[in-house]
Amino acid sequence: MNMQTDSSNQPYTAVECYNKHIRLTYVKNSGWKVPAVRIQVREGNGHLRQGPEIPVEIMGTVASSLIDLLIKNGKSISQDILAREILKAILK
């Protein structure tokens, strides 16, 4: 993944998905008053759609819950690979 810096000097990375980009930004001073990861979608027209800010301290729980949700809904994925990729993107 390619790390970049936004106009507020915050590091982010983006993942392509169906001709759009999912953008993950590390936010030091989030609305939670603790470091968080903001998840946004960059539309085809270039605009960023605001998404949630998830406190870094609960990212492990969020990643685990995401894996459980996918598996319980019949998705065949490797938990190890998915968890590693999610955490790598978040913690870099």
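Q: What share of the contacts in the protein chain with a separation of 6 or more comes from residues 24 or more positions apart?
A: First, a word on where this comes from: the model is predicted, so local features need pLDDT of at least 70, side-chain atom pairs count only at pLDDT 80 or more, and totals for chains, interfaces and linings use all residues. Residues are numbered from 1 along each chain as its sequence is written, and side-chain values use heavy atoms, with hydrogens and water left out. A contact here means heavy atoms within 4.5 Å. Counting contacts with a separation of 6 or more, the share from residues 24 or more positions apart is 13%.

Q: What pattern does the protein chain follow along the sequence?
A: Helices (H or I, at least four residues) and strands (E, at least two) are DSSP runs, numbered from the N terminus. The chain has two helices and six strands. Read along the sequence, that gives β-β-β-β-β-β-α-α.

Q: How many bridges join E3 to strand E4?
A: Two strands pair if DSSP finds at least two bridges between them. E3 (residues 20-27) pairs with E2 (residues 11-17) in the antiparallel sense over six bridges, with Val 15 and Ile 22 as bridge partners. On to E4 (residues 36-42): it runs antiparallel to E3, and Thr 25 stands opposite Arg 38, while Val 27 stands opposite Ala 36. The number of bridges joining E3 to E4 is seven.

Q: Which residue takes a positive phi in the hairpin of E4 and E5?
A: E4 and E5 pair in the antiparallel sense over two bridges, and Arg 42 stands opposite Leu 48. Their hairpin has five residues between the strands. The residue with a positive phi, near 95°, is Gly 46.

Q: Which residue is the bridge partner of Arg 38 in E6?
A: E4 also pairs with E6 in the antiparallel sense, over three bridges. E6 covers residues 53-55. The bridge partner of Arg 38 there is Glu 53.

Q: How far is the backbone nitrogen of Gly 31 from a polar atom of the side chain of Glu 53?
A: Glu 53 touches several residues beyond four places away in sequence, including Val 27, Ser 30, Gly 31 and Trp 32. With Gly 31, the backbone nitrogen faces a polar atom of the Glu 53 side chain at a distance of 3.0 Å.

Q: Why is Pro 52 called partly exposed?
A: Pro 52 is in the loop between E5 (48-49) and E6, and it touches Val 37, Arg 38 and Ile 39, not counting residues up to four places away in sequence. Buried means under 20% relative accessible area, exposed over 50%, and partly exposed in between (1.4 Å probe, protein chains only). Pro 52 is partly exposed because its relative accessible area is 47%.

Q: Which ring does the charged end of Arg 23 sit over?
A: A charge sits over a ring if NZ of Lys or CZ of Arg is within 6 Å of the ring centre and within 35 degrees of the ring normal. For Arg 23, the charged end is 3.6 Å from the ring centre. The ring belongs to Tyr 12.

Q: What percentage of the residues in the protein chain is buried?
A: The protein chain exposes about 6,400 Å² (Shrake-Rupley method, 1.4 Å probe). Carbon and sulfur atoms supply 54% of that area. Of the 92 residues in the chain, the buried ones make up 24%.

Notes: Polar contact = N/O pair within 3.5 Å; in protein donor to acceptor, adjacent residues only side chain to side chain.
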